[in-house]
Amino acid sequence: MRAFFALAVLALAVPVRGADLVFPSGTQGARLRVELTDRGRSPEAAWVAFLADLFAHFDRDGNGALSEAEAGRVFSLPLPDGKAVGPNFAAMDADRDGKVSSAEFRAFYRARGFTPVAVIVQAVPADALGDALFRHLDRNNDGKLSAAELRQ
């Protein structure tokens, strides 16, 4: 049986209040329900607020849309795979009206993987759990487990 470790980072493609993570174990999977919030807000609400603030910062003339020059100043945003996605005015301007709305801005980044939550699943080395347990039990850090440490 393989152990899996899930790490939630700041890519669910749809807004959710909770997510079920399934850890395979033979024919039955163990389920873990995770609910994420940011100061009482859903990840979706926090993500929308962040992108709204970012959009407003780069909307230098305050007209509610990004020009090509304004969009070109937006910095790259990190993706769960370690890469980044930068601005692309032609791709952002989905309706081809020569400006990027806040909705187009959000849609552009969501479609490219910058989403409210990213779940990264990695296999844990077989000896990692044993090593962690040993370090926890070895209270005096002498590299040995005494009878007293085992009793505790």
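Which residues is Phe-114 in contact with, leaving aside its neighbours within four places in sequence?

**Figure 1. Contacts of Phe-114 in the predicted model.** Leaving aside neighbours within four places in sequence, Phe-114 is in contact with Trp-47, Phe-50, Leu-51, Leu-77, Pro-78, Leu-79, Val-85 and Tyr-109. Phe-114 also belongs to the largest nonpolar core, where Phe-114, Leu-66, Phe-105 and Tyr-109 touch the most other members.

**Figure 2. The largest nonpolar core.** This core has 18 residues. Helix α1, α3 (89-92) and α4 are the elements that give two or more residues to this core. The most comes from α1, which gives five residues.

**Figure 3. Helix α1 and its packing partners.** Helix α1 covers residues 43-58, 16 residues in total. From its first C-alpha to its last, α1 reaches 23 Å, close to the 22 Å expected at 1.5 Å a residue. Buried in α1 are Pro-43, Glu-44, Ala-46, Trp-47, Leu-51, Leu-54, Phe-55 and Phe-58. These buried residues pack against α2 (68-72), β4 (77-78) and α4 (102-111).

**Figure 4. The salt bridge between Arg-110 and Glu-44.** The side chains of Arg-110 and Glu-44 meet at 2.7 Å, N to O. Arg-110 lies in helix α4 and Glu-44 in helix α1, so placed that the pair, 66 residues apart, links distant parts of the chain. Glu-44 counts as buried because its relative accessibility is 17%, under the 20% cut-off. Arg-110, at a relative accessible area of 22%, is partly exposed.

**Figure 5. The salt-bridge network of Asp-38, Arg-39 and Arg-41.** Side chains of opposite charge can pair when their charged atoms come close. Asp-38 forms a salt bridge with Arg-39, with 3.2 Å between the closest N and O atoms. Asp-38 forms another with Arg-41, where the closest N and O atoms are 3.5 Å apart. Arg-39 is exposed, with a relative accessible area of 75%. Asp-38 counts as partly exposed at 25% relative accessibility, and Arg-41 counts as partly exposed at 33%. A search of the whole structure finds three salt bridges.

**Figure 6. Overview of the protein chain.** The chain has six helices and six strands. Read along the sequence, these elements follow the pattern β-β-β-α-α-β-β-α-α-β-α-α. Of the 152 residues, 23% count as buried. The accessible surface comes to about 10,200 Å², and 56% of this surface belongs to carbon and sulfur atoms.

How values were computed
Residues numbered from 1 in each chain as written. Predicted model: local features only at pLDDT ≥ 70, side-chain atom pairs only at ≥ 80, totals over all residues. Heavy atoms only, no water. Helix = DSSP H or I, 4+ residues; strand = E, 2+ residues; numbered from the N terminus. Expected span 1.5 Å × (residues − 1). Buried < 20%, exposed > 50% of the residue type's maximum accessible area, 1.4 Å probe, protein only. Contact = heavy atoms within 4.5 Å. Areas by Shrake-Rupley, 256 points an atom, 1.4 Å probe, with all protein chains shown as cover. Core = buried A, V, L, I, M, F, W, Y, C linked by side-chain atoms within 4.5 Å. Salt bridge = Lys/Arg side-chain N within 4 Å of Asp/Glu carboxyl O.
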